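Work through the exercises below with the model open. Each task is followed by a stepwise solution.

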Amino acid sequence: YMPTSPFLRYFFGLLFIICFVFSFRYPYLANADFYLTHIDEAPHAWLIKSLIDGAPFFFYFSDKNYHGITIGLAAIPFFWALGVNSLAYKLPAIMFHSLYILTSYFIARRIDKKIGLLVVFILLLPSPYVTTITTLNWPHHLIALLGNIMLLIFMKLKQSEQKDKKNLVFL
């Protein structure tokens with residue numbers, strides 16, 4: 001059965017991508033407590049937990065000022081659902097990476113309709129380094145996703161009938 005609605009097709013596609021990415025990284029995620037000892041992740045998870053517990057709001061982690069806390073804030077719903085643990089802190093990386101794969105599909109399909117699924121297949125089977133880095137709650141995933149979204153918006157504005165160049169300035 002193939003859903004006829006594009007929304008349902010993309011929703012089930014995203015669900016498949018998330019399940020595949022999660023299952024492919026299961027050994028890392030099953031041992032998330034062991035792998036949270038990274039120099040960035042453990043203090044950042046502690047700071048987000050402190051923020052939940054009522055610490056003053058901050059925009060940057062205390063030890064890093066080159067990226068904000070957005071990726072850490074994305075872990076809060078997982079903390080509420082799964083409790084405060086290392087697996088819940090790592091799940092936003094899986095979510096953002098899965099959305100990155102889906103937006104890469106949209107870009108590839110906009111370029112050539114025949115290569116969309118090939119791009120998804122290639123991105124679903126990454127190298128061991130990419131597999132490892134996609135289990136770390138770092139801002140790289142969010143940056144790549146936002147880059148894909150901006151490229152999609154740019155492509156849509158470029159191909160639109162309305163040649164309003166003011167919209168391109170906001171990208």
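**Exercise 1.** What covers the buried residues of α10?

*Solution.* This is a predicted model, in which local features need pLDDT of at least 70, side-chain atom pairs count only at pLDDT 80 or more, and totals for chains, interfaces and linings use all residues. Residues are numbered from 1 along each chain as its sequence is written, and side-chain values use heavy atoms, with hydrogens and water left out.

Step 1. List the buried residues of α10: H141, L142, L145, N148, L152 and M155. Buried means under 20% relative accessible area, exposed over 50%, partly exposed in between (1.4 Å probe, protein chains only).

Step 2. Look down the axis of α10. Its buried residues fall within an arc of 155°, so they line one face of the helix. The arc is that of the directions from the helix axis to the C-beta atoms.

Step 3. Find the cover. It includes α5 (70-73), α7 (86-111) and α9. Helices are DSSP runs (H or I, at least four residues), numbered from the N terminus.

**Exercise 2.** Which helices hold F79 and Y89? Characterise the ring pair they form.

*Solution.* Step 1. Take the geometry. The ring centres of F79 and Y89 are 6.2 Å apart, with 20° between the planes, and the pair is stacked. Rings of Phe, Tyr and Trp (its six-membered ring) pair if their centres lie within 6.5 Å; planes under 30 degrees apart count as stacked, over 60 as edge-to-face and the rest as tilted.

Step 1. Assign the helices. F79 lies in α6 (residues 76-82) and Y89 in α7, so the pair ties together parts that are 10 residues apart in sequence.

Step 2. Check burial. F79 is buried at 4% relative accessibility. Y89 is buried at 1%.

**Exercise 3.** How many helices and strands does the chain have?

*Solution.* Step 1. Count: 11 helices and 0 strands.

Step 1. Of the 171 residues in the chain, 37% are buried.

Conventions
Helices (H or I, at least four residues) and strands (E, at least two) are DSSP runs, numbered from the N terminus. Contact means heavy atoms within 4.5 Å.
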